[in-house]
Amino acid sequence: MLQRARSHAVSPLLLTGTDLDSSAAAIGLCAVHSDLFCTAGIHPHDAAGAPDDWADRLRTLAANPAVRAIGETGLDFNRNYSPPEAQRALFAGQIVLAGDLGKPLFVHDRDTGGAVYEMLAERSPTVPDVVVHCFTGNRVDLERYLEAGYYIGITGWVCDPSRGDELRSLVPDIPIDRLLVETDAPFLFPAGASAPAAGRKHRNEPCLLPYVINEIARLRNVHSDAIAAATTSNARALFSLPVSDVNT
Ligand SMILES: [Zn+2]
């Protein structure tokens, strides 16, 4: 999968930790691949399952130099896999951690009616930067996040023929210096993409990221190279990533 990503010039990669174990596993992969970096955090779905000492354990993991952002964290009231109060407690703790460590916050916001925005507005002044990952909100959400100076992450949702209409209408209005692209892999396989490998028909992978870039370019009426260059440069600055040594 990494070779396929590199062969499509998708490198370096930022791996997303979603709980203590997956954050530790991501750090382990970063130790053996020089083009991998990661986040460390606890996803709102996993808030209820977090151990009592999660904050200390996450702080230890997050201090690793491979960790370039705190998250994925945030709130998800779409299915409430964890009770909202547990989600809020974990999110609040991770906002503090990002501020303490001076690392960007990687945020998930789904169907929260502005609750993520309000918690960030209240508590994030010490956080250096915020990424609203896999943005699927409406124009009001977008405008206030941009007003706050946050980055907006776009996934294969933008390629989705049935659910992506609202996002497609908003993508042209995101300032180029706030735009990031991401996979949300293994989810959100970009509609219209070819299978990345035999037997992997609908598993999303980093090598499919160019489909997201192409759709953004089409919506903004620019060449896809311009979107690739801008989002690469934004990610590099935000996460302190090295210039890729992959030959394309
Ligand atoms: Zn998410």
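Start by selecting G153 and L180: in this predicted model, L180 of strand 7 is the bridge partner of G153.

Next, show helix 9, residues 224–239. This helix packs on the sheet and touches strands 1, 2, 3, 6 and 7. Its direction makes about 95° with that of strand 7.

Seven strands form an open sheet with parallel pairing, in the order 1-2-3-4-5-6-7. At the edges are strand 1 (13–15) and strand 7 (179–181), each of which pairs on one side only. On average, neighbouring strands here are turned by 30° against each other, direction ignored.

Move to strand 3, residues 67–76. Is this strand mostly covered or mostly open? Mostly covered: ten of its ten residues are buried.

Then look at what flanks strand 3. On one pairing, strand 2 (residues 36–40) joins strand 3 in the parallel sense over three bridges; select C38 and V67 to see them stand opposite each other. On another, strand 3 pairs with strand 4 (residues 105–110), also in the parallel sense, over five bridges. Here D76 stands opposite R110.

Strand 3, helix 4 and strand 4 make a right-handed β-α-β unit.

Finish with helix 5, residues 115–123. Helix 5 lies across strand 3, strand 4 and strand 5 (130–132), and runs at about 130° to strand 3.

Definitions and conventions: Residues are numbered from 1 along each chain as its sequence is written. This is a predicted model: local features need pLDDT of at least 70, side-chain atom pairs count only at pLDDT 80 or more; totals for chains, interfaces and linings use all residues. A residue is buried if 20 or more other C-beta atoms lie within 10 Å of its own, exposed if 12 or fewer, and partly exposed in between; C-beta atoms are placed from the backbone. Helices (H or I, at least four residues) and strands (E, at least two) are DSSP runs, numbered from the N terminus. Two strands pair if DSSP finds at least two bridges between them. A crossover is right-handed if, with the strands pointing away from the viewer, the path from the first strand over the helix to the second runs clockwise. Axes are lines fitted to C-alpha atoms, for helices over the stretch in contact, and angles run from 0 to 180 degrees between N-to-C directions. Two residues are in contact if their C-beta atoms, placed from the backbone, lie within 7 Å.
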